[in-house]
Structures are given as C-alpha cells and as structure tokens.
Amino acid sequence: MSDILVVKNLTKRFGGLAAVNDVSFNVRRDGIMGLIGPNGAGKTTIFNLITGVYKVTEGSVEFDGKAITDMEPFKIADAGVTRTFQNIRLFKNLSVYDNVLTACHLSAKYSIAESILRLPRFVREEKALNEKATALLEIMGLTDRKDVTANNLPYGLQRRLEIVRALALDPQLLLLDEPAAGMNPDETEQLMRLIVDIRQRFKLSVLVIEHHMDLVMGICEDIVVLSFGQKLAEGLPDEVASDPKVVEAYLGSSGGNSKC
Amino acid sequence: MDWNYIQGILMLAGINLIAVLGLCLLTGFTGLFSFGHAGFMAIGAYIGALMTVSPNSTPGGLGLPLIVGIVAGGAAAGLVSWGLGSITLKLKGDYFCIATLGFGEAIRLVLNNIQVFGGARGWPGVPHYTTLLVVVIAGVIGVWFLANLVRSRHGRNMIAVREEELAAQIAGVDVVKYKMIALVTSAVYTGVAGVLFGHYLTFLQPKMFNMTKSTELTIIVIFGGLGSISGSVLGALILTALPEVLRAFDIWRLVFYGAAVILIMISRPQGLMGGMELSPAGIRKLTAARRLRQEQKKARAAENAEGGAS
Amino acid sequence: MNQLLQQLVNGLSIGSVYALMAVGYSLVYSIMNFSNFAHGGVIMLGAYFGFFGLTALKLPFFVAFIVASVGTALLAVLIERIAYKPLRARRAPFLYFIISAMGASIFLENIVIATIGPTFRTYPVIFSRDPIAFGPIAVGRLDLIMFAISAVCLFGLILFIEKTKTGKAIQAAAYNMKACALMGVNTDRVVLLVFALGGFLAGVAGVFFGMKYTVYPQIGNITTKSFIAAVFGGLGSLPGAVIGSVLLGTIETLVSGYISSQYRDLIAFVILIGVLIVRPTGIMGKSAEDKA
C-alpha cells in the first residue's frame, strides 16, 4: 500500500529567506508520524504548505496518490486532509456543538433553494448531520458541554474540540500542530491515548508537530527532524533520539532548552 | 397622529428593514462590512423605475407593473454585485470596505452624470405602487427566506467565515463562494428595497443614495446586533420610527446617529441583540446559558468554601 | 505643449492639497491599521476654523492659519480619546474602529449643518488673484503658496519621523505596537502625537481648501479622494501618500482638461478599482501574508 502523504523537495521562500528548504518525507498509511525540531525550524510552515494556506515556491505534495500542491485549502480539506492550529482557531463565539456541526457539512449536499424552502432533502440531510455531530461529541466525551461557548471551555478541552472539528470532515490524514502545548503531564498522557485511539477508531494517519518529547517518543512510529528549514534526520524514534546531529540541534553547545 | 402618517413611517421602516436584512446577512452573519450598499439600492430603484414609469414621462420607462420592477431591480443589483465581488472579495477586510465605499460613490456619480435617468436633477413621475401591504409581504418573505438560509449548512458556513476565516477554509468551507453568496443576496435584498423606496417617494435623485445612506444601513445592523435577524428587525423599526417621531429635530437626526454609533461602539458593540434571536430556539439558548452560568457560579462557590475550610 | 505644462502645474497644485490630507490618513493607518474616516470631518472643520478666525476674529492670515491647525490638532486628539481609545483598550477588531470613525464623520458633518448652517462660505481674498507668469505658464499666487507651505510641512514631517527620537518611536509603533510597548515606549503618547500631527496637517489642508474653493459642511466627502490617493500610494506609507496624491491630482486635471470635466470625480474611483485589482497595497505598500 502506498504512503498516504508524499512530500517532495518542498521549499518555501519569503523574500530572500527560505523558511522551508528542500524537505522530503513520506507519511506511512495508518501511521503516526512526528515532525519535530527547534522553534522556527519551519514545521508549521510545512503544515501550511500541505494544507494550501501557503503557496509552495518549489516542490510537490501528493496525498493518497493525487497531487494536492497549491490546491485551495477547502478542496484539500474535502480531499481528506484536516488539521488543528498552534494557536487554537475555534469558532470562538459558537457553542461546542455548533463548532462540530459546522464542520460536518461535507456529507450534506442540499442547495440553498432547498434550505430556504425546507424541502425534504434538506430535512433528511440536516437530521443526518445532527446525528453525526452528536455521535462525534459522544465518542470524544464532550456531550455534557455541547452548549458551552467554545471560548469558555477550559484550555485542554478547547484543544480536544479542535481535534473533534477536524475529525468531523472524515479525514484520512490528520495534521496536529502542537496539540499538547500548555498541557501538564497528566493531560499529555490523556492526549496520547486519545490520538492512538482515534487513529484506530477512525482509521486515519496522523502527522503531529510536538515539542513534548514524552508524547513524541511515546506514540510516534516515525519521526522527521527539521532544523532551520531543512530535514536533519528521519527514522524510528530511537534512531533519531541517538542521532548526534539531532542532539546538537536541540541542545546546542550550551545544553539549552528541552521544552520550548 | 393620523393613520396615513403612521402608515408612512411603517412603510419606510419596512423598506429600510428589507435593505438592512441584506446587510444583516453580509455583515452580521458573514462578517463583511460594506459602506456602499446605497449603491445597490440606487441600482434597484432606477432599474425598477425604468420598468414601471410610463413611456409618456420624461425620462420615460416601460410602463410595466411593480412586480416586474421588483424582479428587474433586484436582479440588476445582484448582477452588479456579482461583478463587484469578483474583483474585490479576495481583498483583505479593510480593502474590501474601501472598495465598497468607492463603489457606492461611483454609482452615485455615474447616475449624476447620466442624463437618461434625469441626472442630478432626478427622475420624477415614478408611479406610486408601494403600499403598506406590499411592504409587509416583502418584509415577511424577506425575513422568512433569511431565517431559513441562516439555519442551514449554508448559513453555518457563512458564520464560520465570520468567526475564523482560516479555520473555516480548513474545515472545508469555500470561503470565496460563500462570501459571494452573501454579497449577491445582500445586494438583491437592498435592490428590492430600492425599488419599493422609489415607488413610495415617486421621485428619485442620486443624492438620496449617498455614503451617509450606506452608513445608516450599516449602523442599523450594528445597532440591532450582529448575527441576529430579530435584532435587525428591531433596529430598523426603532431607528426609522424614532427620528420620524422626533420630526421637529430633523436636522439633528444625523447628529444623534453619529453620536449614537460612537456610543454603541465604545460601550455595547454587540448592539441590541448581538448573537441572540427572539425565536423559540433563541430563547431556549438564552435560558440554557443563564442556567449554565448559575451552575458554574455555584460550583465555584462550593470550591472556594472547600478550599477555605481545608 | 504649453497647455500640457499648464495642466501639469494645476494638477501639482491640487495634488499638494490632496497630499496634506492623504498623509493624515496614512499616518493613522500606519500606527493603528485602520482607515480613519473621521479625518474628512477634521479637514472640514479646519476650513471653518480658518474662516471664522479670519472673518469673526479678524486675525491676521498666518495667525488664523496656525490657530486653525492647532484647533484641528486638538480636535483630532479629542476624537481619538472619545471614539478610539476605548476600543483600543478593549482590543476591538479594526472594523469597529472604522464604524466609530464613520459615526464621528457623520456627527461632525451634521453638527455643522445643524448649528452653523449649510450655506457656503467664501474666504476673504488674502492673496491677489493675479497669477504670476513663468514664461507661458500662469501660476496662481495662492497655488504657489499652497505648494510651498505643503512642501515645507511634508518635509518637516518626514524629517521629524526619520531623524528625531520621537519620530523613531512612531516608526517603531507602526511596525509593531506591542513590541514597542514592551520596549518601554509610551504607546499611548505616540498615538496621541500621531493624531495631533495628522490633525495639524488636516487644518492646513482645510484652510487651503477653503481658500481655493469654498467652505461647506460636506468638504469631508471631497477628502474621500485624498483617501483614494493614500490607497493609491500605499496605505501606511507617507512618501506613498504624497506620490499618490500628486499622481491623482495630475491625472484628474489632465482628464478634466483633455476629456471632460464630468469625469473628473469618476476617474478617482476608476483608479481606486484599478489599484485594488492590480496591487491593493499601492505603489509603496508592503504585502503581508496571514500567519497561521
């Protein structure tokens, strides 16, 4: 079975600066892959390139055998690639339920005229959307908070809601951008179990950007290391962890930060 | 206070309401601000008049019934908005506003300079077809259409665009398409309002559709509360009726408008009903939210009590 | 050929007045990232201040001039305090600022209509209407003075911003307000200063406008064109505002002279649409991509 995501020679230049420089890697189907590297290494930029938020300067992105380079972001989402954001971008003033319901729209096809006139197809499909949203919230343990305004959720649940919203689109590849940011070890463990669980339950592949090494080492099956926009190393967690280039990039010569 | 006078106020309020409903969709639900919608009103009004004015008048028209005027006026406004949107919707928020401002003024200037519609002196002799019944029917249909549109996946997509455009894209929403739908719909509503307006005043002049008029419409939407249809209805009624009631202070009407806008922005930007609706579902949401807040307060108080004791 | 030169000179003189107005827009935009639509109202009041200074108070010209401009500077600061500062404190989205600005603009225009009245006022003739001849070209004395004073003001402003410490603070704040505050700059004072400067220039522009044309409450609408000039040159860029204004004034005058005066106002909007389609950030503007 081919890899779900093939990134080839991806390069993004802003003016004279190359934020991402000739990066290539594959994400295995049904795998959980980690994308790590010091701050500013270009990880979120790669996410933006994959999801069409930025246009590539050079290189290509292939998803499930189809080229998605420079496609419109919403088309890429429709195709099966969804993501969460480093700084949470929920629909803040909407309820938890509405956040998920809005994202459920893919399975409904009714037209504007049908909505205005409340024709049968509208009624049928709306019901299906509502059932799907309710089911998702149930699976992810957010049912009791479904009417809470997203902005008022505790931080950890906001991050979980963002993941739920991404799942509402029935993706095959889920991109998580620092999902454990700001979490304590307990919450991080919960999150780790959650990711493994949804990978299995929803049959998807996961690519996760993270700084929490316990999460990365704990659940990632492959790791790609980025530094200053270039791929530094790639391989199994243990290989990467003992790679001297990686150690130097993270710790530097002064033995600096382990948690960014 | 005779019935004719009250009728007049109600009709004007209704006409404003229909225009405001359009902006309610564009601004309140999709998050795009326009300072040029009077331009669409003008297009609707003039094209509508073109359809209905008797051929014997100068300038002359086609002498057709009101309904043709309404359809033609609304369609013309929608078509022009589609053109405008194709050029400007990809611009960032601030620049889109500027473009709408430019558009509104450009329409006024063009109408001022084209003599076939009477130019700056205006177009008299528009048949008086607008009655209270017509306005009420149009208003009810307008509200019904909008309410149904908003409570559907299309409406939710537009709200998503307003809330967090980038996330909406990632959630599979074709942002440009929905902005366009909102813009064209708002233009059609405003265009129809323009038709009714012309056939109420029986006289059209480009300066009636100036930047102040555009801003007035946006002010009403904000006053009523963004994201609330009932807010727009209330806002249109109150802000149209109030100055009429205070007729003696006519020149001061706009002074108070201006001051009121600033006041709303600095103290209560959510307007009258921001995000809330006077509907069964809306009231349920309100009471549920209040109950939730009370529960949270009780839970916090219980926590503090425990904390204090230990 | 001579006619062309004459038109160019006329265009330049209009352009310099637009430039004074446009710079005010760009200055505020560079700091606060919104289009201050109340600026037009301030310019209009500048024209009125100057008018009453000259007629009611019988002040000598330059005194009235300065008084009017200081008056508008104070007015601009007042507007900032009332209509924008509370929004800044609340980190309101920029569109709220625009609406508040619109409200202020409507308020100013109509309070003048309601109190002073809508009749046009004409400035007393200060400078002789005889044009000075430069060879085959005639330049009005007023135009020359306008051009000279505008140039002085604009140069002074640009020097101030480039060379003084406070000017650098303004540049820094334009770049990143938050970082500026963290560096210990009193950003509130920077904002005040920017509005005062813009307001002062608005006063100068208003008085000139009143002198060249007439004084009426709707002057604010003319300033829409200077706003377009600011967009043309690049919102947020001061040199851009000047360049855009001069270009707009010249193009306008040429179109009016060679094609038809009816299209004079329309050309500004054609340019606006053109700019927004081709290069919305204008001649000197910088583009920014939304960071995810």
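What share of the 292 residues in chain C is buried? I kept in mind that I was reading a predicted model, and I found that buried residues make up 51% of chain C.

**Chain C, its elements.** I looked up the secondary structure next, and chain C has 11 helices and 2 strands. Reading from the N terminus, I noted the order of these elements as α-α-α-α-β-β-α-α-α-α-α-α-α.

**Chain C, its overall form.** I then turned to the radius of gyration, which is 19 Å for chain C and lies close to the 19 Å that the globule rule gives for 292 residues, so chain C is as compact as a globular protein of that length. Along the principal axes, I noted that the C-alpha atoms of chain C fill a box of roughly 55 × 45 × 35 Å. I also looked at contacts within chain C with a separation of 6 or more, and 75% of them are accounted for by residues 24 or more positions apart.

**Chains A and B, their contact.** Here I looked up both sides, and the contact takes 29 residues from chain A and 24 residues from chain B. On the side of chain A that touches chain B, at least two residues each come from helix H2 (73-79), strand E6 (81-83), helix H3 (96-103), helix H4 (112-117) and helix H5 (120-139) of chain A. H2(A) gives the most to this side, with 4 residues. Sorting the side of chain A that touches chain B by class, I wrote down 16 nonpolar, 6 polar and 7 charged residues.

How values were computed:
Residues numbered from 1 in each chain as written. Chains lettered and ligands numbered in written order. Predicted model: local features only at pLDDT ≥ 70, side-chain atom pairs only at ≥ 80, totals over all residues. Contact = placed C-beta atoms within 7 Å. Nonpolar A, V, L, I, M, F, W, Y, C, P; charged D, E, K, R; others polar. Rg over C-alpha atoms; globule rule 2.2 N^0.38 Å. Buried ≥ 20, exposed ≤ 12 C-beta atoms within 10 Å, placed from the backbone.
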